[in-house]
Amino acid sequence: MLVLGLVFIVLYLITGLLDPTMFSAAGVRSILLLAAPLGIFAAAQTLAMLTGGIDMSITMTANLAAYVAANFAGASQLEALAFAFGIGLIVGVLNGIGIGVFKVNALIMTLGVSSILLGLTIVGMKTGGILAGSKDILPIVSYLGGGSLIGPIPASALVWIPLSIALIWGLKQTGLGRAIYAIGDNPTASRLGGIRVPLVLIAVYAMSGLLATLGGLLFSGISSSIGPDQTNGYLLPAIAAVVIGGTSILGGIGGYGGTIMGVLILTLLNRLLLTLDTSEAMRQIIFGIIVLTLAWVYVRISGQRTT
């Protein structure tokens, strides 16, 4: 964690030297504002990766849920949010059943679900049907996504900070949290030890779906838009943030505290690359290199194998 803190400070100073607005209240706010959705997507990915899995459907879940929330904006805000989070919960439970009960590889399962969600979103936007209502962003979503709480602190801190505390505490102090680590470390021993592995995996991916929905809503509040691919650029950075934060891709090692540092580092890196006028394609290449390099390092250090 100390090393990650030093990396963050160095990146912040370098970025600030190239863009002095980084040292202002507006600069701090921009970092926190952009970090919040990534932090929530990375939270979903942290839970999945701690079990030795991965969730490739988080961004498409986010896109569809944000679209559903906007579609029902003509109703009450509570109803619209209930429909959106219902989508995330259903997707997560389906992922969990496929992975935990039917033993489908997590990568394959969540990629397949992601493809289905993409098709549903595109069809819904083009043909309407039951999703032919409003396309307005909910006022509460606009406030939490792009509003200000106090000074440079964005309103999204009302969501991200309590969520972070709950995840860090829950992973360390609850039975479910300990079961998640145990499954990631050795699923066979966990099952023999009495842990109901399928139920834990269903719970993990259900939480991942709910977190993905929350991240999608926050992003739609920031961008004041909805679209079938608007959060897709967060998928690889979310994985990279988890890996940078010290969570093993093989499961059982890590936590959300490190992921938060990974999120802040990647947000600063993204801001630095934007300052240097780097293209989106190049930023994705850099994130991919980070993931592959750190994954190789973790496997070499742990002596584990992925097969």
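Me: Is Lys103 buried or exposed?
Reply: This is a predicted model, and in it Lys103 sits in the loop between α4 and α5 (106–127). Exposed means over 50% relative accessible area. Lys103 has a relative accessible area of 58%, so the residue counts as exposed.

Me: What phi does Lys103 have?
Reply: Most residues other than glycine have a negative phi. Lys103 is not a glycine, yet its phi is positive, at about 60°.

Me: In which loop is Asp277 found?
Reply: Asp277 is not a glycine but has a positive phi of about 60°. Its relative accessibility is 69%, so Asp277 counts as exposed. The loop that holds Asp277 is the one between α12 (256–275) and α13 (280–302).

Me: Which residue just after α10 takes a positive phi?
Reply: Helix α10 covers residues 197–223. Just after α10 comes a residue with a positive phi of about 55°, and that residue is Ser224.

Me: How far apart are the end C-alpha atoms of α10?
Reply: α10 has 27 residues, and at 1.5 Å a residue the helix should span 39 Å. The model agrees with this expectation, because the end C-alpha atoms of α10 are 39 Å apart.

Me: How many residues of α10 are buried?
Reply: Buried means under 20% relative accessible area. By that cut-off α10 is mostly covered, and of its 27 residues the number buried is 20.

Me: Is Ser220 buried or exposed?
Reply: Ser220 lies in helix α10. Leaving out residues up to four places away in sequence, Ser220 touches Ala66, Ile137, Val141, Ser225, Ile226 and Gln230. The relative accessible area of Ser220 is 2%, so this residue is buried.

Me: Which residue's backbone oxygen does the side chain of Ser220 reach?
Reply: An α-helix has 3.6 residues a turn, so residues three or four places apart point the same way. The side chain of Ser220 reaches a backbone oxygen at 2.8 Å, and that oxygen belongs to Leu217.

Me: Which element gives the largest share of the lining of the largest cavity?
Reply: The structure holds one cavity of 30 Å³ or more. Its lining consists of Ala66, Ala69, Ala70, Asp136, Ile137, Leu138, Val141, Leu217 and Ser220. The largest share, three residues, comes from α3.

Me: How many nonpolar residues does the lining of the largest cavity have?
Reply: The largest cavity holds about 30 Å³ of space. By class, its lining has one charged residue and one polar residue, while the nonpolar residues number seven.

Me: Which residues are the closest to the centre of the second largest pocket?
Reply: The second largest pocket has a volume of about 380 Å³. The pocket is lined by 17 residues, and the closest to its centre are Thr51, Ile99, Ile183, Pro187 and Leu201.

Me: Which element supplies the largest share of the lining of the second largest pocket?
Reply: At least two lining residues come from each of α4 (77–101), α8 (175–185), α9 (187–192) and α10. By class, the lining divides into nine nonpolar, six polar and two charged residues. The largest share of the lining, three residues, comes from α10.

How values were computed:
Residues numbered from 1 in each chain as written. Predicted model: local features only at pLDDT ≥ 70, side-chain atom pairs only at ≥ 80, totals over all residues. Heavy atoms only, no water. Helix = DSSP H or I, 4+ residues; strand = E, 2+ residues; numbered from the N terminus. Buried < 20%, exposed > 50% of the residue type's maximum accessible area, 1.4 Å probe, protein only. Polar contact = N/O pair within 3.5 Å; in protein donor to acceptor, adjacent residues only side chain to side chain. Contact = heavy atoms within 4.5 Å. 1 Å grid on protein atoms, 1.4 Å probe; cavity = no way out; pocket = protein on both sides within 12 Å on 5 of 7 lines; lining within 4 Å. Points joined across faces, edges and corners; volume = space filled by probe spheres on them. Nonpolar A, V, L, I, M, F, W, Y, C, P; charged D, E, K, R; others polar. Expected span 1.5 Å × (residues − 1).
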